[in-house]
Amino acid sequence: MSHSSKPVSRRNVVQGAVLTGAALAVNIPSVAAADGSAASANLNTSGEGGLLNYTEGSAAMQPDRTVTSACQFCNSNCALSVGVRAERVISVQGAAGDPVQQGNICVKAPMMAELVHNPLRLKKPLIRTGGRKGSKESAFREATWDEALDVIARRLLALRDGGEAAAVANRTNGRLPRGTGSLVGRLFALLGSPNNTDVGPVCNDAGGNALKTTFGMGNFTNGYGTDGATGKDDLGSAGYFLFLGTNQAETHPVTFDYLLRGRARTKAKLVVVDPRETPTGALADEWIAPKPHTDLALVLGMLHHILDEKLYDAEFVERWVLGFPELKAHVAASGYTPEWAASVTGVPAESIRRIARDYAGAESAAIFCNAGISHQLGAFDTYRVMTFLAAVTGNIGKLGAGCNFMHNTWPGDLHLPELSVRTPKVTHALPVGPDYFAESILTGKPYRLKAIITQGNPLISSANTERVKEAFRQLDFYVYTGLFMEEAAYYADVILPVSSPLEYEGVYMRRDDRAIRWQEAAVARCGDSKPDWEIWIDLAHALGRRDRRNAPSYWTDAFPVAWKDYPTLWAEFVKHTPGMGGMTRQRMQKRTEPLRWPCPTSEHPGVSALYQDHPSWYEAAESLGAAKGRRFLTPSGKIEIYTGELDKQLAVAGHHALPSFYTHPEVTGAHPTIAYEDRFVVSPVNPQALTHPVKLGVKGNGAVHRDYPLMGMSGRPSVVHFASVTHWTPSGAQLNGIRLLQIHPDTARRLGIADRDDVVVESPRGKVAATALYWPGIRQDTVFLPNTFGPAQRLAQQLGGERYEAANTLTDDRYYDNLSGQQAYKCFACRVSKA
């Protein structure tokens, strides 16, 4: 499926955001605070169609003070000007001065206040006193922090002392203040457990893994706004935008608006590849709808055409690329022609050739990808082929180009001083991907987890949710940390309340382009809640109180109380982390726009385009450990498409440096797929962990489609929501509290389903409820089911909605990218029927 959309002006997009904000301000009731007072959120807008704001000059609505903060609901990382009166947030406005943001915010920003003043917030630590795990009848009692942390410390130390430190695991998520993960890693090193995991495998790790393998760094390559080294615009200057599996109009609205402004100047073409037409696709010059989970075939077909027609940049390749002859021979022998790709994807061969020609022929072309690619079985290999596209066309290391794969793009751990004590020897971690936790608990392979701490909600984000529920019922000890009584909290033995972002100072979310802001605390913490970094420091001190094997100093010296002051902690990160010497709190506080890493000195402008052939990049690269004059941070100092060493490393897990096509077995058409061996090897991409080796190219049989003929995808419900947290705000519940299943009208009518009928979506793993939404902009063989809804979410039900089972009830946890750990949420065989 392919079409060209009529042009839509940026003003229409901005007005749409303004109207949404106006509806929010007029129709959403204030959020009651615990004492019965109220908080409101004003969307600051300007220009034609803007929201009328008559709070100026109002005695009641003048803030006592205004605080500079940052929105933390997506990676646009918008600066906020937060008005506070009588210790209540009364306004949330876009801050001026950032040329990318231009004072804009989207509908989510005012919801930051709704997290602060929310009667559903957790305010005190809780300890389980009764009830079956997972039951709504679970009983808890309030506890002091010392009491709750002592319970946790005793359980963790008992496992360590019994020789089972590896049975303890932690799972972080994307809401954490920057640096919390480093503290968690430090504590786990002292404990002796390797199972300190992060959000990446349920988010976007595969892109970073592929970028590091090819270019030497796992980071979004280019930047939004002006390149400080040259004074020129970076991504806004692109001559061609290729979006694959990314709906930025809803997931990154403010930075997407910046790209649209640049496109209006440069007349750049925007091509969006997505099985359904999204608001992003509606703004594109061309929307192309491949079959779900077949992007690897599409980009292989593009690469074949570029190489076959000699559309590559021969001079750049000769100077900077290793493995080009091997790549050319591999692609020529593969048969991955545009015609072959068309037979797999359903996209016409001529469309594939046209995209390839236009991409290769543009003066500068930028690829953007997000979860639509990451949540595929072959995510790492798909991203790798995209890095090949950029490399052979010379679209890397220059402005307006690059591989802009959206993911957790902080430069790995923020470093702290070396530990002064000897830490226990650790075994290998479980296979990468926190969804493997359930397998470990239920089967004991490769060993059994007995205690888990999470900063996220595995009962929403994990594949095959019913199986995960059973695992957490059987888990010996579970600690949930969060803002609300989410689904996972009912399985917990101890619940720890965390502070919301407007309640603390520090560094939190960041733009995908490695740019960060400093934020100030706007209001006091809710109840007895604490920010995450303080929780881990206090837990270390609790371990020091309870440890009978080591002196208290074993823990307390590694976690100074002074670090509970975030500016002090941040100064330690700046001092000890390569490439961060110029990213001081003082410098960031003075800036109206974010500062990009790497930034090795106070005089350095920060890096916009990685690998740019410019002195500022070489200075930054040296600070990261590169030899003088090395442009890329690979072992060779060049782009590594193929080397014999890389091929041997990946072969251990069943892969090769030059990918071949395979896809999920539940994609229609019986394509080559994957089989997992019943043994473990050390992961070549994540060498701290084990993984299952695989056999690729196993022929699929398509038998599942006799009973489940449709392909399902899951993803973000709309611009209103970010993860599950916005479902706990009145605005989120009112604006998008109904789960709308996007289904093609012809498909729905064939199944006897009318628009807005209640429906049941079933897969071999289970079934969930939704409401049918006729959507002609989706493939007829595909349905789209919004995720992040969960049965504990009360507000939507109070407004007439339902409490929905998690969308991931339908996805299969057996299938995952064995290199990155990425879960395959983007295709599941299903059927839909009227409820």
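**Ground rules.** The model is predicted, so I kept to local features with pLDDT of at least 70 and to side-chain atom pairs at pLDDT 80 or more, while totals for chains, interfaces and linings use all residues. Residues are numbered from 1 along each chain as its sequence is written, and side-chain values use heavy atoms, with hydrogens and water left out. Helices (H or I, at least four residues) and strands (E, at least two) are DSSP runs, numbered from the N terminus.

**Entry 1: helix H3.** I started with H3, residues 145–161. The expected span here is 1.5 Å times one less than the number of residues. I then listed its buried residues (buried means under 20% relative accessible area, exposed over 50%, partly exposed in between, with a 1.4 Å probe and protein chains only). Among them are Trp145, Leu149, Ile152, Leu156 and Arg160. Just after the helix, Gly163 has a positive phi of about 80°.

**Entry 2: H3 against H19.** Which angle do the axes of H3 and H19 make where they cross? I found roughly 65°, with the axes of H3 and H19 (residues 532–546) coming within 8 Å. Axes are lines fitted to C-alpha atoms, for helices over the stretch in contact, and angles run from 0 to 180 degrees between N-to-C directions. The crossing is right-handed; that is, the near helix is turned clockwise from the far one by less than a right angle, anticlockwise being left-handed. On the H3 side the contact (heavy atoms within 4.5 Å) includes Trp145, Leu149, Ala153 and Leu157. From H19, Ile535, Leu539, Ala542 and Arg546 are among those taking part. I sorted the contact residues into ten nonpolar, no polar and six charged. For that sorting, Ala, Val, Leu, Ile, Met, Phe, Trp, Tyr, Cys and Pro count as nonpolar, Asp, Glu, Lys and Arg as charged, and the others, Gly among them, as polar.

**Entry 3: the sheet E4-E5-E6.** Next I looked at an open sheet of three strands, in the order E4-E5-E6, with antiparallel pairing. Strands E4 (65–70) and E6 (88–94) are at the edges with a single partner each, so one side of each has no neighbour in the sheet. From one strand to the next the twist averages 30°. E5 (residues 79–85) and E6 share six bridges; two strands pair if DSSP finds at least two bridges between them. Gly83 is opposite Ser91 in E6. The hairpin of E5 and E6 has two residues between the strands, and Ala86 there takes a positive phi near 50°. Six of the seven residues of E6 are buried.

**Entry 4: a mixed sheet.** How many strands are in the open sheet with mixed pairing? I counted seven, ordered E8-E7-E19-E18-E17-E9-E10. Its edge strands, E8 (139–142) and E10 (195–197), each pair on one side only. The twist averages 20° between one strand and the next. Inside it, E17 (residues 451–454) and E18 (residues 477–482) run parallel over four bridges, and Ile452 is opposite Tyr478 in E18.

**Entry 5: strand E32.** I followed E32 (residues 828–834), which pairs antiparallel with E27 (residues 710–715) over three bridges. Leu710 has Cys830 of E32 as its bridge partner. E29 (residues 758–763) is also antiparallel to E32, joined by four bridges, with Glu762 opposite Arg831.

**Entry 6: helix H9.** For H9 (residues 295–308), 14 residues at 1.5 Å each should span 20 Å, and the end C-alpha atoms agree at 20 Å. Of those 14 residues, 13 are buried. Lys310, following H9, has a positive phi near 55°.

**Entry 7: Leu414.** Is Leu414 buried or exposed? It is buried, with a relative accessible area of 3%, though Leu414 is in the loop between strand E16 (402–405) and helix H16 (436–443). Leaving aside neighbours within four places in sequence, I found Leu414 in contact with Arg178, Gly179, Ser182, Trp570, Phe573, Thr577 and Met580. Glu363 is 51 residues from Leu414 along the chain, and their C-alpha atoms are separated by 36 Å.
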